[in-house]
Every structure is written in structure tokens, then in C-alpha cells.
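Subject: Handing over the two-chain model

Hi there,

Here is the structure I promised to pass on to you.

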Amino acid sequence: MTANTPERALPPVTGLAMASLALIIIGGIYLAAHLPQQVPLMPAVVLLAASALLLAVNLALLARAQGFAWRRFFAVGRWALLAYLVTAGLIEFAFLRDGMHGGILVVLTLSIIVYAIHVPVLIAFTVARYE
Amino acid sequence: MPIPGTHAEGRPAAPRAPRDFQIVPLMGLPIVAVIFAGLVAAIIANRLWPLMFLHVVFGAAWTIIDLFLGFVIGPIMKRLPVPARIELTTRLMPRTVIIMPTVVTVTLAAGWQLGTLMGTVNSSYYNHGWIVASYIVVGCMAVIALGLLSPANIAVLFELRKPEPNPAVIQSLMKRFIYAAGFTGTLQLATLVIMTKIRVG
């Protein structure tokens, strides 16, 4: 980035968010690859926990950022959150329609929640960082 | 080359009115709502044809758009003069803001339901390895699209709407967008190989 961009010292939100998304996707692939067999949930739970931890770290680091354009962040973030809640709802609906239940449903639902929060955070951050 | 209405270093441009365009084209939202309603109806009906139709049509659209953006529009845009690049961006990018998430959501949701109906998502399916390969390719594309493409797409539109857009910010975001589109376009070639292999058996 050149000197005339308004980029400030900000936490590595994009990298952490992509790592978080990658973790829940790996967990989802692990579960989907073994259907309809029962598989140990622990690997997927560990991946989900790590993904959620990265989300929490991302939000905590961002909350401490100095001079960040919070007004723009929330203006963009709330609409992005609405859009991604709709897409997350459709994916969840497909899982429920398939009769998915039990631990697999819980892990996948929580993964979708992480996705529906982290992607809007990332979009809002990318817009607000250049304010 | 300075962008008209942008602040070149040390030589501020004259202030001008912000570009007037919608970041999310509101006219497209009812169409998206109809498509999503069709998707929900197809999943509830759980019949082969509607699910196959939605998965094939929207999957083909996703592949073609990614290939077109990555290998046709991207290289053209890199060679365009900056003002022309901005004009193209302000017309093209708002459409991709609603087209891409819609196309991806319908392809994946209909595809999952179709796989469940046909039994191709079961681990006992004889081509299961190829199905898992498609999950991995889609997973890689999702991380790139959600993490890089989509945020860059929206951020560049917000920058362009400012009275004095910063050319360095626009160039940085557009570079990210074009490289990410090229990468997902390459992965789409893998999708074509996998899907044709699954279809042939």
C-alpha cells in the first residue's frame, strides 16, 4: 500500500477471518464426507471452537483499534449481516429438510452462525478501514 | 495518471459531486427474493427436475461468471486507462454484489439437496472421492470469495462514491479483486473436471 492511502495500523482482521472460515469449512467437509455414517464429532468440534476463538479474537482486536470508523463499520455491517443471515438461513433450511439432527446439526448450525457473523464483520471492516 | 475527481499526491483535485450509483442495486432484490422462494419451493418439493435445474443453471452461471471475470474482464481491466476502469467498475461491480451471493447460495443449497435425493453425498457412492474433491474445491473458492472478493468488491464501490476517491485505495482493492477472481476462475476449471467426471461415472 502506498503512502497516500489512509491505511492505519489495524489488526489482521482479513487474515484471521479467512483462517476462521477455512476452519469451519474443513470441519464441514469432514462431516459431509462421512455421511450418512456416524463419525467422531471431536475433530469438527475442535475446528469449530478454533474458528469461534478466531472470531472472538478478531472482534476483541478490532474493538481496541484507535480511530477506527465505527459509524461506517456498523452502517455496512448491519446490512451485510442481514444479507448473510438470509443465505445462512437457506443453508440451515436445507440441512433441516434433509432430516439432519443431533450433534452433526448442532456443529453445522454453530458453524453457519460463525460464518454469518464473520463475513459481515470482514466486509464492514474492509469498507471502514479506508474511511 | 490521476483519476478525475481524486486527490493526487500534492495536487488536490477540484471537489466534485460524489458518483451517483447504488452499491446494491435495489431493483435486483425482488428478483433475488423470487429466486430464493423458488429454491425453498424446490427443496420442499424434493423432486429431481427442479433441483437439477437450479443446480445446473446456477452452477453453470457461477462457473461462467468466475471464468469470465477472472480470464476476460480481469486482464482487460488491468490494461484500461484508470478513468475507463472506474466507469466499468461502477457499472459492473454493483451487479456482482447481488448476483454472486445469489448464484452461489442457490447452487450449493440445491446441489446439497440434489445429492441427498440421488444419494451421491453418501460415502457409499462409488464416485465418493470425486464428490469430496468437489467439496474441497468449493471450500477453497468460498474462503477466497468470502474473505477477499466480496469485501474488496463492496469496499471499492464505497471508495468510488466518495467526492474524492483515493486512487491508491481503488487500485489496491481492484488488484485484490482481479487476482482473487483469477484464482477462483482457475478453481472453476477443477469444478468442470470434477462435475463431468461425476456425470460420466
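Below are my notes on the chains, their contact, the cores and a few residues.

First, some housekeeping. This is a predicted model, in which local features need pLDDT of at least 70 and side-chain atom pairs count only at pLDDT 80 or more, while totals for chains, interfaces and linings use all residues. Residues are numbered from 1 along each chain as its sequence is written, and chains are lettered from A and ligands numbered from 1 in the order in which they are written.

On confidence, the predictor gives the complex an ipTM of 0.85 and a pTM of 0.84. Chain B has an average pLDDT of 85, and 91% of its residues score at least 70 (pLDDT is the predictor's confidence in each residue, from 0 to 100). Among the elements of chain B, the highest mean pLDDT belongs to H1(B), at 94, and the lowest to H5(B), at 86. Please take care with two stretches of chain B: pLDDT stays under 50 over residues 1-5 and again over residues 7-14.

Now the chains. Chain A has four helices and zero strands, and chain B has five helices and zero strands. Helices (H or I, at least four residues) and strands (E, at least two) are DSSP runs, numbered from the N terminus. The C-alpha atoms of chain A fill a box of roughly 55 × 25 × 25 Å along the principal axes; for chain B the box is roughly 65 × 30 × 20 Å. Buried residues make up 36% of the 131 residues in chain A, and 36% of the 201 residues of chain B count as buried. Here a residue is buried if 20 or more other C-beta atoms lie within 10 Å of its own, exposed if 12 or fewer, and partly exposed in between, with C-beta atoms placed from the backbone.

How do the chains meet? In the model, 34 residues of chain B are in contact with 32 residues of chain A, where contact means that the C-beta atoms of two residues, placed from the backbone, lie within 7 Å. On the chain B side, helix H1 (29-45), helix H3 (82-118), H4 and H5 each supply at least two residues, and H4(B) gives the most, with 15. That side divides into 22 nonpolar, ten polar and two charged residues. In this count Ala, Val, Leu, Ile, Met, Phe, Trp, Tyr, Cys and Pro are nonpolar, Asp, Glu, Lys and Arg are charged, and the others, Gly among them, are polar.

Next, the cores. A nonpolar core is a set of buried Ala, Val, Leu, Ile, Met, Phe, Trp, Tyr and Cys residues joined through C-beta atoms within 7 Å. The largest has 62 residues, of which Ala124(A), Val127(A), Val156(B) and Phe177(B) touch the most other members. Helices H1 (13-33), H2 (42-63), H3 (70-97) and H4 (102-128) of chain A, together with H4 (128-160) and H5 (167-200) of chain B, each supply at least two of its residues. H4(B) gives the most to this core, with 15 residues. Apart from it lies another core, of 17 residues, including Ala94(A), Ala42(B), Leu54(B) and Leu108(B).

Leaving aside neighbours within four places in sequence, Val127(A) is in contact with Arg72(A), Val76(A), Ile154(B), Ala155(B) and Phe158(B). Phe158(B) is found in helix H4 of chain B and counts as buried because it has 20 C-beta neighbours inside 10 Å. Not counting residues up to four places away in sequence, Phe158(B) touches Val127(A) and Ile23(B). Thr89(B) lies in helix H3 of chain B and is buried too, because 22 C-beta neighbours are inside 10 Å. With the sequence neighbours up to four places away left out, Thr89(B) touches Val156(B), Leu160(B) and Met174(B).

Finally, a helix pair. Helix H2 (residues 48-79) of chain B and H3(B) pack at an angle of about 150°, with their axes 8 Å apart. Axes are lines fitted to C-alpha atoms, for helices over the stretch in contact, and angles run from 0 to 180 degrees between N-to-C directions. The residues of this contact divide into 17 nonpolar, five polar and one charged.

Enjoy exploring it!

Best wishes
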